[in-house]
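Work through the following exercises with the sequence and the model at hand. Each task is followed by a stepwise solution.

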Amino acid sequence: MTPWGAAALSGGALLVVYLATLAPTVTLWDSGEFLAAIRTLGVPHPPGTPLFVFAARAWANALAGVPFAGVPFAAAVNSASALSAAAAAAIMALLVARWTRRAAAGVAGAMIGGTMATVWQGATETEVYAHATLAVALAILVADQTGIRWSDRHRTVIAFVFGLAVPLHISVLVAGPAVILLSATDRGGSFSLRAALAPTAAWSLAVGLGTVSLAPLVAGGVLAVVAILAPGGGDQAAQHRAAFLAPLMTLLGASFILVMLVRAYHDPAVNEGNPTTWSALVDVVARRQYDVPPLWPRRAPLWLQVGNVVQYADWQVASAVSDTPGPHPVRTTITLVMVALGAVGAAWHRRRDARSFRALGLLLICASLGVVVVLNLRAGPSFGWGVLPDDAVREARERDYFFALAFLVGGLWIGCGVAALAERWRSPASRGIWLFAVLPLVLNWRAVDRKRLPDAGLAIAIADALLAPLPPG
């Protein structure tokens, strides 16, 4: 099987799984607000995510034009998440297959990562995170080709993807360090600081624009000037041209944020923050209506914040076995076995291609510990009891979705571990190791199948209860 075959097989299989478990209508939390904003081309809660809103509306309109399809609006928008999540997993399967020269490793990794409980849940409802994951996968794909081809044109595309993160969702920028590392490392594994300047400048500018922060904007501007002026080998004119274009392409991608300024002027039904002025637009992008925490002081002890992510990781591969928030003898044992497989897979990946191993390892660190440090979350509703005071303020809900990218990447290495053991144990009896590739699919289905979960009916019931006593209109 070729790497493209691995991508088609895993992406197609996951799309079938996601559509089979797709929410038929609105679900709890942000889905209803997003659906209303997408329907009206409005402005949902900060940071507004206009690229997500318009792309989802375009997809729903396209499905509405399919003869005899009859897909309800909510289901159509939900299916956009399924398509994005499946495409992201397919791209990662393609990359893993290329890096390890084992198509089966790509398929196994994508299937395991794509059926992690949090990844799967995000693929079956109206939310932005599946689309953000697709943007990350595309950035990694472009970065890989940038390093292999040593292409300045590809570095310009990276800058554009970084810019698109601003109107899509800034969680895409979590992957920035890994993308930069991969793009500035050649086929032989040699890293070039000169090649890293332009994409780093673009990433810093995107971070500054997405958070409305002066320091990264200044840093990005300085790095852009250095990248333009720094001498380099080879075609210096092309390098300088790419360095000049990188900040411009970042600004071009980010400029879609201005759509909110236009739409808010027409006062759509969903118009949070009413960004009809430049100052109001800045407030929405910067999320100033929220209590955005600094890096310090920590809202919970750092060890406890890391422990909270460990708790979420224990929910990923066998959530149907038990829904207890804390450790469970069977579920946690399965989790530990999968972690061991991931360690085997990471070591195997390193032996086969150190360049991509470093990039994927950095991506995992940024998507887990990096997110812990930057978000500075309070303890989750089910974590830290007996450690924190009983009256400690906690997160309003479980925040496992912030770490979906980390769970996807972990699944890729677990798939590599399956391939590594299958390569080592060549007896016919050992072929059962491939069953691990579908273990999360089997052990999560009942817990994440939104066709059978009550949250859709509950969301509609709550909406009816809120609206029923109000006067018409």
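**Exercise 1: a helix pair**

The axes of helix 16 (residues 329-352) and helix 18 (residues 404-424) come within 6 Å and cross at roughly 75 degrees. The model is a predicted one, in which local features need pLDDT of at least 70, side-chain atom pairs count only at pLDDT 80 or more, and totals for chains, interfaces and linings use all residues. Residues are numbered from 1 along each chain as its sequence is written, and side-chain values use heavy atoms, with hydrogens and water left out.

Task: classify the arrangement of helix 16 and helix 18, and describe their contact.

Step 1. Helices (H or I, at least four residues) are DSSP runs, numbered from the N terminus. Axes are lines fitted to C-alpha atoms, for helices over the stretch in contact, and angles run from 0 to 180 degrees between N-to-C directions.

Step 2. Helix 16 and helix 18 are therefore roughly perpendicular to each other (65 to 115 degrees).

Step 3. With contact meaning heavy atoms within 4.5 Å, helix 16 contributes residues including Met338, Leu341, Trp348 and Arg352, and these residues of helix 16 meet a set in helix 18 that includes Trp413, Ile414, Leu421 and Arg424.

Step 4. By class, this contact has 12 nonpolar, 4 polar and 4 charged residues. Ala, Val, Leu, Ile, Met, Phe, Trp, Tyr, Cys and Pro count as nonpolar, Asp, Glu, Lys and Arg as charged, and the others, Gly among them, as polar.

**Exercise 2: enclosed space**

Task: how many cavities of 30 Å³ or more does a search of the whole structure find, and what lines the largest cavity?

Step 1. On a 1 Å grid over the protein atoms alone, a cavity is a set of points where a 1.4 Å probe fits but cannot get out; lining residues have an atom within 4 Å of a point. Grid points are joined across faces, edges and corners, and a volume is the space filled by probe spheres set on the points.

Step 2. The search gives 3 cavities of 30 Å³ or more, and the largest cavity has a volume of about 120 Å³.

Step 3. Its lining holds 14 residues, of which Gln305, Asn308, Leu377, Arg378 and Phe403 are the closest to the centre.

Step 4. Helix 15 (residues 302-313) supplies the largest share of this lining, 5 residues. The lining divides into 8 nonpolar, 3 polar and 3 charged residues.

**Exercise 3: backbone exceptions**

Task: which residues does a cis peptide bond join, and where do leucine 41 and asparagine 376 lie?

Step 1. Most residues other than glycine have a negative phi, and most peptide bonds are trans.

Step 2. Proline 46 and proline 47 are joined by a cis peptide bond, with omega about 10 degrees. Another joins tryptophan 296 and proline 297, with omega about 0 degrees. Proline 297 lies in the loop between helix 14 (278-285) and helix 15.

Step 3. Leucine 41 has a positive phi, near 50 degrees. Both leucine 41 and proline 47 are found in the loop between helix 2 (31-40) and helix 3 (50-64).

Step 4. Asparagine 376 has a positive phi near 50 degrees and is found in the loop between helix 17 (354-375) and helix 18. At 1% relative accessibility, asparagine 376 counts as buried (under 20% relative accessible area, 1.4 Å probe, protein chains only).

Terms used. Helix = DSSP H or I, 4+ residues; strand = E, 2+ residues; numbered from the N terminus. Parallel < 35°, antiparallel > 145°, perpendicular 65-115°, else oblique. 1 Å grid on protein atoms, 1.4 Å probe; cavity = no way out; pocket = protein on both sides within 12 Å on 5 of 7 lines; lining within 4 Å. Buried < 20%, exposed > 50% of the residue type's maximum accessible area, 1.4 Å probe, protein only.
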